[in-house]
Amino acid sequence: MSGAFVSTDRIRSLFTEAMSQMYRTEVPQYGTLIELVGEVNAEVLAKDQELSERLRRAGELERIDVERHGAIRLGTAEELYTIRRLFAVMGMRSVGYYDLSVAGVPVHSTCFRPIEEAALKVNPFRVFTSLLRLELIEDVELRAEAADILARRRIYTPRAIELIEQHENAGGLTEAEATEFVAEALETFRWHGEATVSAETYKRLHDAHRLIADVVSFKGPHINHLTPRTLDIDEVQRRMPERGITPKAVIEGPPRRNCDILLRQTSFKALEEPIAFTGAGGTASGTHTARFGEIEQRGVALTVKGRTLYDQLLASVRGEVQVGASGAKAGDYGAELAERFKALPDSWDELRREGLAFFHYSATPEGIAAKGRLPSDPEALIAKGYLRFDPVIYEDFLPVSAAGIFQSNLGTDQQQNYATRSNRDAFEEALGADVQDELALYAERQAASLDMAMEELGLSGPKLKTVA
Ligand code: OOG
Ligand code: NI
């Protein structure tokens, strides 16, 4: 009886809330970051009435401080296979493939997120999910040992698996099952202060790569950060030190602009936390750095043409100015970034006309009132105010930015580059599904919005040149 099922959107929201509570308790500095974000958001909203009004209309105001994403790192193909099924219970699908080995991080990743526009509106929470690439450990013995350790752990509770199966077989979960599912799923993301390995094994894994130690040495893939949305990322970055938080040297992604594009992110450095190792003569204590906090500010999704330009501009800046681990040259980097990005138009209309970004089209009340007397050309409709366009927000991640976030937490001493090909096929095989192409999803949403708007205006047929 499907009527008794709760929506996957609701389960995702319950899960987001539970994760947020857990992480604030586990990482107090993250709670401080949340406070700071709330303070800056409130200031921005008080100053910018137009923005405040726009967010209110879009129903976003009351959930402005709710987390937008988190990240985990998995160890085996089976773990990835099951996480896909676990996230499906919350209406999240695998979108995009990111190869981070090119940046010296021995993982490949995807984003689990809702896809439908309505679901994104309810709660866009996503999880950057990485899978360790053990084949990149050079030492054959260590590789086998790591595989062995990983093969022995069970990161999902038996009850979580049962509820995933229940969802798959029955087509949904009841409210009571959903509540139980969230509690059980949370166990997978919890921090464990006790390592599953000895101090000596930990050190060898750590020497191979800090990330390998993080994935292999624990009972589960602890959530390593959560990320709320900020309305002014530069301001939060500036104020972090006042709150005793050390931010990474630069904000990743595009520079500050009038028309936000893609994704800007910054984080505070991972904390050193006490852990207990196993050992013959009882436990030994040590420390581990893994968990941090991050903030994000999102803008319009770019088309292939826009993204190619973005990638070129970013690469040219990074080729010119290398920011040191200590933050040396961070100022030069910011200035150069702002300068070079002048080549990317900074008005919504130019971005649209030049086919650089995706937009959501809608019929205006004036347009609907003038039905039957309208020009059929979309450009003319826009010019006359009968058809409006709003930016489609970018819902995914950026591999160069993600590498920057990883590296700021790993320390730049580990900038080894793996001479390897990306291995999307192996990733999808482990996943048990294809990863969806994010650009195709944006293009579909844009086309569907235009079709619907034209229909509402009593027009059909002609497409925008820039949309084709
Ligand atoms: C994930 C780092 C990437 C982002 O927002 O791009 C990331 C990790 O450290 O596991 O979170
Ligand atoms: Ni992140």
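Biologist: What volume does the second largest cavity have, and which residues line the second largest cavity?

Modeller: A cavity is a space in which a probe fits but from which the probe cannot get out. In this predicted model, the second largest cavity has a volume of about 30 Å³, and its lining is made up of R307, Y310, D311, L314, L398, P399, V400 and S401. Two elements, helix 12 (304-320) and helix 17, each give two or more residues to that lining.

Biologist: Which element gives the largest share of the lining of the second largest cavity, and how do the residues of that lining divide by class?

Modeller: Helix 12 gives the largest share of this lining, namely four residues. Sorted by class, the lining of the second largest cavity holds five nonpolar residues, one polar residue and two charged residues.

Biologist: How many cavities of 30 Å³ or more does a search of the whole structure find, and what volume does the largest cavity have?

Modeller: The search of the whole structure finds two cavities of 30 Å³ or more, and the largest cavity has a volume of about 140 Å³. Its lining consists of 15 residues, and those closest to the centre of the cavity are A71, F128, H225, I405 and F406. Strand 1 and helix 17 are the elements that give two or more residues to the lining of the largest cavity, and by class this lining has eight nonpolar, five polar and two charged residues.

Biologist: Where does ligand 1 sit, and which elements give two or more residues to the shell around ligand 1?

Modeller: Ligand 1 sits in the largest cavity, and the elements that give two or more residues to its shell are strand 1 (67-74) and helix 17 (399-410). Strand 1 provides the largest share of the shell around ligand 1, which is three residues.

Biologist: Which residues surround ligand 1, and how does the shell around ligand 1 divide by class?

Modeller: Ligand 1 is surrounded by H69, A71, R73, F128, N224, H225, Q265, F292, E294, F397, A402 and F406. When this shell is read by class, six of its residues are nonpolar, four are polar and two are charged.

Biologist: What volume does the largest pocket have, and which residues lie nearest its centre?

Modeller: A pocket, in contrast to a cavity, is an open set of points. The largest pocket has a volume of about 1600 Å³, and among the 41 residues that line this pocket, R54, L55, E60, R229 and I393 lie nearest its centre. At least two lining residues come from each of helix 2 (28-47), helix 3 (49-57), helix 5 (117-122), strand 10 (293-298) and strand 12 (387-391), and helix 3 supplies the largest share, five residues. By class, the lining of the largest pocket divides into twelve nonpolar, five polar and 24 charged residues.

Definitions and conventions
Residues are numbered from 1 along each chain as its sequence is written. Chains are lettered from A and ligands numbered from 1 in the order in which they are written. This is a predicted model: local features need pLDDT of at least 70, side-chain atom pairs count only at pLDDT 80 or more; totals for chains, interfaces and linings use all residues. Side-chain values use heavy atoms; hydrogens and water are left out. A residue is near a molecule or strand if one of its heavy atoms lies within 4 Å of it. On a 1 Å grid over the protein atoms alone, a cavity is a set of points where a 1.4 Å probe fits but cannot get out, and a pocket is an open set with protein on both sides within 12 Å along at least five of seven lines; lining residues have an atom within 4 Å of a point. A molecule sits in a cavity or pocket if more than half of its atoms lie within 2 Å of its grid points. Ala, Val, Leu, Ile, Met, Phe, Trp, Tyr, Cys and Pro count as nonpolar, Asp, Glu, Lys and Arg as charged, and the others, Gly among them, as polar. Grid points are joined across faces, edges and corners, and a volume is the space filled by probe spheres set on the points.
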